[in-house]
Amino acid sequence: MNYVMGYRCTLCGKEYEANLMDYTCPACGPKGILDVVYDYSQMKKQITREYFRDNKNFSMWRYGPMTTVVQNSLLERTLRVGWTPVYLANQLGQKLNLKELYIKDDGINPTSSLKDRASVVAVVKAIENKFDTICCSSTGNAASSLAGNAARMGLKAVIFVPDRAPAGKLTQLLIYGAKVISVAGSYQQTFELSAEAISRWGWYNRNAGINAHLVEGKKTVSLEFIEQLNWEVPDWVAVSVGDGCTIGGVYKGFYDLLMLGLIDRMPKILGVQAEGCCPFVTAHRENKPLVPTEENTLADSIAVGVPRNPVKALEAVKNTQGEWITVSDDKILETMKLLGTTEGIFGEPAGVAGLAGVVEAINKGLIKAHERVGVIITGNGLKDINNGLKAVGEPLRVEPEISQLEQILTN
Ligand SMILES: *Cc1c(COP(=O)(O)O)cnc(C)c1O
Ligand SMILES: [Zn+2]
């Protein structure tokens with residue numbers, strides 16, 4: 001059972017029935033990314049605060065009726081995605097001079113990134129629609145999470161990765177038994193090859209942007225965040241941005257809650273990009289359409305020169321009176337260490353970029369000391385230890401002798 005009424009094209013605004021089989025708007029083609037439209041007046045009858053108070057399902061499927069999945073029996077068999085912890089910062093808030101800083105650690109998901117929220121929905125939709133193979137192209141996390149979630153559900157996965165993908169993520173793919181095609185080219189070229197292969201061999205398409213169901217999975221991060229904050233909306237929520245699907249999902253979650261009357265205002269969304277690859281920030285600053293940019297950052301998960309979900313991402317910030325901001329690679333590395341040392345959370349570079357954006361926004365006076373701030377850590381640092389090592393120094397080295405140890409410790 002779900003409450004899907006149909007789809008609306010983010011480009012031309014045309015509406016379609018719920019039984020539409022195309023991934024994107026038939027009138028606009030592949031760029032006509034669809035947004036799922038729900039019947040909130042019906043959904044309201046089931047989805048109330050009481051419904052959640054009595055709900056014992058501690059995974060993202062507690063919000064299953066708010067997504068597009070229909071076969072409930074499948075949901076019991078998936079990996080356990082979601083219901084990741086929200087921490088009130090113990091030390092970091094003080095350090096940043098923020099009274100309330102909430103950190104949602106989505107690196108705790110089964111394949112260690114927020115992408116699991118989208119992948120598990122994609123896998124369920126593929127099985128609902130009787131596909132036996134699912135495919136995506138990705139800079140890493142979408143791929144590794146698809147491979148893991150597909151393996152669990154007995155679905156074959158074909159994955160296209162650009163050859164810069166970090167070893168941790170590549171290893172995950174191979175461990176989960178996906179067919180991995182490493183393409184000697186940019187993410188853009190990798191994406192195009194996968195699109196061609198998908199239409200040639202008729203696989204289910206889990207590509208970012210193209211598949212509207214993915215954002216409906218990703219939005220559960222916001223649904224959880226707000227429920228875990230006891231329905232008290234923060235002033236800001238920060239998230240890192242590559243293709244724009246995650247921030248689009250973050251927005252959609254808040255939007256659903258607003259439509260259902262479960263919250264009475266939206267948080268401002270802070271979209272954070274790496275300085276070396278920031279097409280959204282540039283487009284926003286110059287008030288112009290997005291232009292393809294270089295992919296020059298060590299935060300591989302947000303190194304996207306040609307974002308696939310521009311409309312949803314731009315609207316997320318615009319409709320919440322939020323802001324766009326960039327962070328340098330040095331600041332990202334600093335933030336990795338800062339988060340690790342103050343809160344015991346290890347994020348990958350793109351995983352902590354949202355937090356680095358919060359630091360930057362505080363320095364710029366955009367975020368004020370009295371404001372309540374939420375930040376989403378989108379991926380775990382163990383996926384990319386080479387960059388982790390860049391963020392920290394060397395260990396203390398000693399001979400196995402107490403006198404040497406004493407010398408080092410008193411220095
Ligand atoms: C994919 C990803 C993002 C950004 O999501 P987009 O939908 O590409 O904007 C951020 N952080 C991590 C760790 C990711 O894997
Ligand atoms: Zn259209």
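Is D235 buried or exposed, going by its relative accessibility? Hold that thought, everyone, and I'll come back to it after a quick word on the model.

What you have above is a predicted model, where local features need pLDDT of at least 70, side-chain atom pairs count only at pLDDT 80 or more, and totals for chains, interfaces and linings use all residues. Residues are numbered from 1 along each chain as its sequence is written, chains are lettered from A and ligands numbered from 1 in the order in which they are written, and side-chain values use heavy atoms, with hydrogens and water left out.

Back to D235, then. At 19% relative accessibility, D235 counts as buried, where buried means under 20% relative accessible area, exposed over 50%, and partly exposed in between, with a 1.4 Å probe and protein chains only. Its partner is R265, and the closest N and O atoms of this salt bridge are 3.6 Å apart. By salt bridge I mean a side-chain nitrogen of Lys or Arg within 4 Å of a carboxyl oxygen of Asp or Glu. R265 is partly exposed, at 37%. The two sit 30 residues apart, R265 in the loop between α11 (245-259) and β11 (268-274), and D235 in the loop between α10 (220-228) and β10 (236-240). For those labels, helices (H or I, at least four residues) and strands (E, at least two) are DSSP runs, numbered from the N terminus.

The rule gives 19 salt bridges. Two more are worth a look. K219 and E216 pair at 2.9 Å, N to O; K219 is buried at 0%, and E216 is also buried at 0%. By contrast, D54 and R53 have their closest N and O atoms 3.9 Å apart, and both are exposed. E216 and K219 also belong to a network of salt bridges with D35, K252, D256 and K312.

Now, K115. UniProt, in an unreviewed entry, places "modified residue: N6-(pyridoxal phosphate)lysine" at this residue; positions follow the numbering used here, feature names are shortened, and annotations may be inferred rather than shown by experiment. K115 lies in the loop between β5 (100-105) and α5, and counts as buried because its relative accessible area is 19%. Beyond its neighbours within four places in sequence, K115 is in contact (heavy atoms within 4.5 Å) with N141, A142, S145, R206, K218 and T246.

On to pockets. Here we use a 1 Å grid over the protein atoms alone: a cavity is a set of points where a 1.4 Å probe fits but cannot get out, a pocket is an open set with protein on both sides within 12 Å along at least five of seven lines, and lining residues have an atom within 4 Å of a point. Points are joined across faces, edges and corners, and a volume is the space filled by probe spheres set on them.

The largest pocket holds about 500 Å³. Its lining has 24 residues, with K31, V306, P307, R308 and P310 nearest the centre. α8 (187-201) and α13 (310-318) each give two or more residues to that lining, and α8 gives the most, with 4.

The second largest pocket has about 410 Å³ of space. Among its 20 lining residues, Y7, L20, K125, N129 and H213 are closest to the centre, and β1 (4-9) and α5 (116-128) are the elements giving two or more. Thanks, everyone!
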